[in-house]
Amino acid sequence: MKHIGEPFVRVVKKTELSGGKLTLLSLLALLLAIVAGGLFILTLGKNPFLVYQSIFSGAFRSPLAIQGTIKIAIPLLISALAITLAFKMKFWNIGAEGQIIMGAIFASYFALFHDTLPHFLLLLLMLVAGMVGGGLWGLIPAFFKSKFGTNETLFTLMLNYIALYLIKYLTEGPWRDPSSSGFPKIATFAPNAQLDKVLGVHAGWVIALLLVVFVFVYLRYTKQGYEISIVGESQNTARYAGMNVGKIVMRTMFLSGAVCGIAGMTQATGAAFTLGESVAGGVGFTAIIVAWLARLNPFYCVVMTLFLSALQKGSSVMQSAFGLSTYVSDVLQGIILFVILGFDFFIQYKLVFRGARKK
């Protein structure tokens, strides 16, 4: 009878580990993930060493391959920084996909209908428009969360689908390219509305690195960043300290959405040169993994983004080199990520079973 109401197992947060121990454990997690992936490759009758060599080579073997890896990394890094802002406040923003899409839509308006403006002014307008579009899309769930206590996870997730179907509407309706025969699409942007290249890759990578510094300074050294951390620790404490929690939540989510909107703008104008349903391409969900593994540290986000981007780029080369299907590549990436995430979970938490004595 004494166990009535007590759960069979509880998740308890461990005490904080030193930076050195965390680094060693993270490296161990990566090693175990690679071993687990190697075992999967063995079951397919392939040599894991050769397969991993092809993945690494595919991501870094030439300047062109490196540029391809960086192209994958740009929207992922920007989105991970946006997620970091929201998650630091314990606002579970699962809507980065929709915010990326809305940023791309707002930016595309100027690319399609105002492409005669001076190049620099046009790109600046598109950047601001992307920020406004993503920011407003992030502000909607923040407002309802603050005013009515709605569940932000479900709210942001549902907004992803609304944004996606808005692109479908624009593609088949008012923004449809008149010259497209049969298959509906939006016209390719004029060269004047395309993002310039820097060292062979569109300038989105420069924007991404600037955002890394901005988010780090914003969270670490500003009053607004301090307020975010307090709200994330305890909203009651924040209220007791005289903070307007609702205002902080809405401001931060607008900023988080705005950063996602930048990712959408760079994808539409720097990579795709048009607006399409694949403008987000699942990046918003992968960014959650990056932010989590980086422990909401902007500089760690760079490392994790490069790792995942190299894995994705190299896996595409691996599957063609060994004649494997795309599903094998996806499964391999999933195994590696699953092991890393699982290991990371048990670094920070432990399971306490019913009846276990407290230390």
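Predicted model: local features only at pLDDT ≥ 70, side-chain atom pairs only at ≥ 80, totals over all residues.
Local features need pLDDT of at least 70 and side-chain atom pairs count only at pLDDT 80 or more, while totals for chains, interfaces and linings use all residues. Residues are numbered from 1 along each chain as its sequence is written, and side-chain values use heavy atoms, without hydrogens or water.

I101 lies in helix 4, residues 96-113. Helices here are DSSP runs (H or I, at least four residues), numbered from the N terminus. The relative accessible area of I101 is 2%. I101 is therefore buried (under 20% relative accessible area, with a 1.4 Å probe and protein chains only). Neighbours within four places in sequence aside, I101 is in contact with A163, L164, I167, V279 and A280. Contact means heavy atoms within 4.5 Å.

Helix 4 packs against helix 6, residues 152-172. Their axes come within 7 Å and cross at roughly 30°. Axes are lines fitted to C-alpha atoms over the stretch in contact, and angles run from 0 to 180 degrees between N-to-C directions. The two helices are therefore roughly parallel (angles under 35 degrees). On the helix 4 side, the meeting residues are A96, E97, G98, I101, M102 and I105. Helix 6 contributes L159, N160, A163, L164, L166, I167 and L170. Ten of the residues in this contact are nonpolar, two polar and one charged. Nonpolar covers Ala, Val, Leu, Ile, Met, Phe, Trp, Tyr, Cys and Pro; charged covers Asp, Glu, Lys and Arg; the others, Gly among them, are polar.

Key. Buried < 20%, exposed > 50% of the residue type's maximum accessible area, 1.4 Å probe, protein only. Parallel < 35°, antiparallel > 145°, perpendicular 65-115°, else oblique.
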